[in-house]
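Subject: Structure handover

Hello,

Please find the structure we spoke about below. My notes on what was found in it come after.

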Amino acid sequence: MKTALIIIGLLVFVIVLLYIFAKSKIKNTPVVEDHENIIVLSDRNFDHQTKNRVVLVDFWAEWCVPCRMMAPVLNELAEELNGNAFVGKLNVEQYQALAQKFNIRNIPTMILFRNGQEVKRFIGMKTKDFLIREIQKVA
């Protein structure tokens, strides 16, 4: 009985240590600079930048770890899209009215716009290949 309790105690201790280690690793995810092809959106330019083209808009916040993890994927995507479609980013902390307008409840949320109209919505982390396929369907 004592050995079973010791083993269970050690397992719990190891799990707690792994959890703390993983949490600290995720928290220290670096902020990645946006690729030059990424359109930084605001309440002033949103309608103009999403009109008459296909734009994947990333709704994000600086404190959001999954958003920071998506940044390199979006940078690669923006580099690969050659004028057929574009990648835009909107900070939901700075532009809360737009986030409310599009009913953003979770981040990262990516909305694919065609001619200023929402076509598809993706919540959470997605791969570059997935996003390319979805953009190609719309473009």
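Predicted model: local features only at pLDDT ≥ 70, side-chain atom pairs only at ≥ 80, totals over all residues.

Between β4 and β5 the hairpin has 2 residues, and Asn115 takes a positive phi near 55 degrees.

Taken as a whole, the sheet is open and has 5 strands in the order β1-β3-β2-β4-β5, with mixed pairing. Its edge strands are β1 (39-40) and β5, each of which pairs on one side only. The parallel part includes β1 and β3, paired over 2 bridges. Val40 stands opposite Lys89 of β3.

As for β4, 5 of its 6 residues are buried, so this strand is largely enclosed by the rest of the structure.

In soluble globular proteins, nonpolar side chains tend to be buried together. Here the largest nonpolar core has 18 residues, and those touching the most other members are Phe46, Val57, Phe59, Leu90, Phe102 and Ile104. At least two residues of this core come from each of β2 (54-60), α4 (96-101) and β4 (109-114). β2 gives the largest share, 4 residues.

Leu90 is worth a look on screen. Setting aside neighbours within four places in sequence, Leu90 is in contact with Leu41, Ser42, Phe46, Val57, Asp58, Phe59, Trp60, Tyr95 and Leu98. Another core lies apart from the largest one; it has 17 residues, including Met70, Leu74, Leu81 and Ala85.

The pocket

How much space lies in the largest pocket? The figure is about 270 Å³. Its lining is made up of 16 residues, and Val31, Val32, Asp34, Trp60 and Lys89 lie nearest the centre. Two or more lining residues come from each of α3 (65-80) and β3 (86-91). Sorted by class, the lining has 9 nonpolar, 5 charged and 2 polar residues.

Regards

Key. Residues numbered from 1 in each chain as written. Heavy atoms only, no water. 1 Å grid on protein atoms, 1.4 Å probe; cavity = no way out; pocket = protein on both sides within 12 Å on 5 of 7 lines; lining within 4 Å. Points joined across faces, edges and corners; volume = space filled by probe spheres on them. Nonpolar A, V, L, I, M, F, W, Y, C, P; charged D, E, K, R; others polar. Core = buried A, V, L, I, M, F, W, Y, C linked by side-chain atoms within 4.5 Å. Buried < 20%, exposed > 50% of the residue type's maximum accessible area, 1.4 Å probe, protein only. Contact = heavy atoms within 4.5 Å. Pairing = 2+ DSSP bridges.
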